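Please read this briefing with the sequence and the structure side by side. The points are grouped by topic.

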Number of protein chains: 2
Amino acid sequence: MKHNFGAGPGILPHEVLKQAAAAVVDFNGIGLSLLEISHRSPEFEAVLDEAVKLVKELLAVPEGYSVLFLQGGASTQFAMVPYNLLPSTGKAAYVESGVWANKALKEAKFFGEVDVIATSKEANFTYIPKDYTIPSDAAYLHLTSNNTIYGTQLHKFPASPIPVVCDMSSDIFSREINVADFGIIYAGAQKNMGPAGTTLVIVKDELLGKADRKIPAMLNYQVQIEGGSMYNTPPVFAIYVSMLTLNWVKSKGGIEALAKENKAKSHVLYEEIDRNPLFKAVCAVEDRSDMNVCFVMENPELEKSFLKLCDEKGIVGIKGHRSVGGFRASIYNALSITSIYVLIEAMQEFAEKNK
Amino acid sequence: MKHNFGAGPGILPHEVLKQAAAAVVDFNGIGLSLLEISHRSPEFEAVLDEAVKLVKELLAVPEGYSVLFLQGGASTQFAMVPYNLLPSTGKAAYVESGVWANKALKEAKFFGEVDVIATSKEANFTYIPKDYTIPSDAAYLHLTSNNTIYGTQLHKFPASPIPVVCDMSSDIFSREINVADFGIIYAGAQKNMGPAGTTLVIVKDELLGKADRKIPAMLNYQVQIEGGSMYNTPPVFAIYVSMLTLNWVKSKGGIEALAKENKAKSHVLYEEIDRNPLFKAVCAVEDRSDMNVCFVMENPELEKSFLKLCDEKGIVGIKGHRSVGGFRASIYNALSITSIYVLIEAMQEFAEKNK
């Protein structure tokens with residue numbers, strides 16, 4: 001058995017994978033694969049409707065918001081957000097909390113003025129910037145809720161006088177949020193929601209239609225809303241697997257229950273890191289992520305040998321991002337606490353051997 | 001057994017579906033699903049490399065072209081092509097041979113001047129416009145090789161003094177083409193190449209870098225080429241199934257062999273339509289598509305009853321597009337000639353009953 005700590009595309013529930021595999025051969029007993037039916041068939045329309053309904057239910061999305069399943073990943077949203085919201089003579093405020101936030105603000109510069117109101121770049125993004133003033137004349141404030149590479153997470157969203165746009169790619173559906181606090185939420189599916197290939201966007205309708213530029217259809221939120229995520233052929237399979245995964249989230253008791261479990265999972269792992277003399281965490285304690293637990297070794301020469309032990313125990317995907325080094329245990333919704341204990345045991349065994 | 005004549009997402013080879021389903025549970029015996037491994041893992045990089053290699057091999061792509069697997073469908077290419085190739089003070093020439101061509105040229109208008117050099121709109125796109133002069137001062141000529149909705153196909157590409165950009169979404173890999181005759185070829189996967197969720201783009205490198213505007217990263221062909229289709233997380237599953245399907249094309253003898261089969265398939269079906277007193281084809285004979293065979297009934301009141309007979313025989317997806325009516329038999333690569341004969345028999349049986 002493998003314990004999949006990969007950062008993404010990440011672990012998905014086993015029962016979801018089994019159902020998805022069955023649908024690839026014969027979808028709901030119709031004698032055709034899910035991959036070879038029209039996206040406008042009643043069968044697929046039911047899938048998309050169900051996926052949208054589950055998002056609304058799980059996140060308690062209020063009236064006045066639209067839920068979209070698009071393509072292109074969060075990186076496409078980096079451009080789509082300013083394309084739709086940033087007037088050419090206006091400005092947008094960005095908090096630079098990591099490399100993805102940096103990519104997002106670079107794209108925004110194509111469309112208007114960008115005000116980087118806070119950054120933790122000087123500390124290699126090991127903490128979440130907190131003390132900043134949000135300019136009330138900016139079109140929006142852009143945040144990143146969780147930084148996969150560094151293992152930091154924004155645990156308390158700032159009160160904002162302007163609409164908040166948030167990239168939640170790596171922690172959506174892992175913790176409770178108040179959708180009404182946001183103007184746009186977007187997330188690539190491939191961490192907690194489904195496979196790579198679709199992007200969830202939750203957008204407050206009243207923010208749209210104010211840009212002073214023509215927007216290509218596929219990048220225009222209003223066109224996508226009018227088309228019900230079907231302006232063109234949507235990524236059928238990725239949406240289907242997302243729907244199954246959201247159903248699984250619901251069956252587990254919803255986000256509240258999973259959030260508790262995620263807290264318990266990260267807690268025991270950080271506890272071991274703090275306790276174990278061979279390992280240490282590098283991020284600011286108050287900003288530690290419940291999704292991506294990053295840690296290094298006091299003696300980096302032992303890294304290879306620890307990775308080898310992990311490999312023997314079926315622990316995969318824990319090598320840290322190349323820009324940070326060390327280890328990263330991504331502990332998404334579908335990863336059970338059993339896998340966390342397997343990792344902790346490996347760390348303890350390794351410490352024992354290397355006393 | 002179902003005979004899948006759906007227009008798209010369309011029929012895929014049964015052996016491809018079986019392999020894809022297996023990979024969703026356990027990919028190549030690694031103990032993890034294809035959906036939950038990193039796109040930067042050696043396992044997936046091998047898939048993407050193989051997919052690119054197969055495209056190059058099957059289409060004999062010459063040096064100087066790049067092969068990309070992107071997201072967003074052909075509709076995203078409608079904007080991406082002018083974004084990258086049409087200078088703001090320049091113009092582009094478009095042949096309007098159907099509703100998709102129309103959508104493509106509308107997007108281009110956001111970026112520069114559009115010269116619609118020919119159209120068959122006045123005849124509800126029942127023929128391919130042929131007599132036109134290609135302006136040598138345009139940045140490119142845009143064509144659509146096959147019109148899924150009307151059942152017309154461009155059988156002979158015009159000689160062009162300017163780069164030709166062609167939307168081949170519904171007939172790529174179904175017939176031989178000479179890639180060197182094109183500047184850009186693009187195609188949504190969901191007809192002959194794979195499931196919905198990825199878009200093939202073949203681009204002549206020397207055309208790039210000449211636009212006088214800043215291009216968002218995800219829409220910039222040069223960024224996508226430098227990233228090897230992995231500027232961000234690619235649509236892993238859609239690329240994998242495309243790779244399997246291209247391998248299947250190769251195993252069938254490549255495009256030359258499939259093109260012959262496709263000709264044979266469309267030939268017998270058009271023969272029956274022309275012979276059968278109840279049915280008639282509506283498009284110009286010389287422009288009839290080998291992919292989408294559109295036909296109507298002399299007496300439209302019989303349509304429902306014929307659809308019922310088809311349903312009884314397992315013939316699915318042959319209802320015509322709402323803008324055309326009647327029937328549309330999409331006979332993509334993976335549809336066997338056996339299914340064509342089942343349809344022909346149904347037509348003959350129905351004619352017999354309704355003499």
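This is a predicted model: local features need pLDDT of at least 70, side-chain atom pairs count only at pLDDT 80 or more; totals for chains, interfaces and linings use all residues.

In which loop of chain A is P9(A) found? P9(A) belongs to the loop that runs between strand 1 (3-4) and helix 1 of chain A, and a cis peptide bond with omega of about -10° joins G8(A) to P9(A).

**Backbone details in chain B**

- In chain B, a cis peptide bond likewise joins G8(B) and P9(B), here with omega of about -5°, and P9(B) lies in the loop between strand 1 (3-4) and helix 1 (14-25) of chain B.
- N124(B), a residue other than glycine, has a positive phi, near 50°, and its place is in the loop between strand 4 (113-119) and strand 5 (141-144) of chain B.

**How chains A and B meet**

- The contact between the chains brings 48 residues of chain A together with 48 residues of chain B.
- On the side of chain A that touches chain B, the elements that give two or more residues are helix 1 (14-25), helix 3 (73-85) and helix 6 of chain A, and helix 1 of chain A provides the largest share, with 6 residues.
- Sorted by class, that side of chain A has 25 nonpolar, 18 polar and 5 charged residues.

**Domains of chain A**

- The domain assignment divides chain A into domain 1 (14-251) and domain 2 (254-353), and the C-alpha centres of these two domains lie 27 Å apart.
- The contact between the domains takes 21 residues from domain 1 of chain A and 23 residues from domain 2 of chain A.
- On the side of domain 1 of chain A that touches domain 2 of chain A, strand 7 (152-153) and helix 6 (236-251) of chain A each supply at least two residues, and the residues of that side divide into 7 nonpolar, 9 polar and 5 charged.

**Helix contacts within chain A**

- Two packed helices are described by the angle between their axes and the distance between the axes.
- The axes of helix 2 (residues 42-59) and helix 6 of chain A come within 9 Å and cross at roughly 40°, which makes helix 2 of chain A oblique to helix 6 of chain A.
- Helix 2 of chain A passes helix 6 of chain A in a left-handed crossing, where residues of helix 2 including F44(A), L48(A) and L54(A) meet residues of helix 6 including I239(A), M243(A) and L246(A).
- By class, the contact of helix 2 with helix 6 of chain A has 13 nonpolar, 2 polar and 2 charged residues.
- Helix 3 and helix 4 (residues 99-108) of chain A pack with their axes 8 Å apart and at an angle of about 40°, and these two helices are therefore oblique to each other.
- The crossing of helix 3 past helix 4 of chain A is right-handed, and in it A74(A), S75(A), F78(A), A79(A) and P82(A) of helix 3 meet W100(A), K103(A), A104(A), E107(A) and A108(A) of helix 4.
- That contact of helix 3 with helix 4 of chain A has 7 nonpolar, 1 polar and 2 charged residues.
- The axes of helix 7 (residues 254-275) and helix 9 (residues 337-353) of chain A come within 10 Å and cross at roughly 0°, which makes helix 7 of chain A roughly parallel to helix 9 of chain A.
- Among the residues making this contact are A264(A), V268(A) and L269(A) of helix 7 and I340(A), L343(A) and M347(A) of helix 9 of chain A, and the residues of the contact divide into 8 nonpolar, no polar and 3 charged.

Technical notes. Residues are numbered from 1 along each chain as its sequence is written. Chains are lettered from A and ligands numbered from 1 in the order in which they are written. Domain bounds come from an automatic or database domain assignment. Two residues are in contact if their C-beta atoms, placed from the backbone, lie within 7 Å. Helices (H or I, at least four residues) and strands (E, at least two) are DSSP runs, numbered from the N terminus. Ala, Val, Leu, Ile, Met, Phe, Trp, Tyr, Cys and Pro count as nonpolar, Asp, Glu, Lys and Arg as charged, and the others, Gly among them, as polar. Axes are lines fitted to C-alpha atoms, for helices over the stretch in contact, and angles run from 0 to 180 degrees between N-to-C directions. Angles under 35 degrees count as roughly parallel, over 145 as roughly antiparallel, 65 to 115 as roughly perpendicular and the rest as oblique. A crossing is left-handed if the near helix is turned anticlockwise from the far one by less than a right angle, and right-handed if clockwise.
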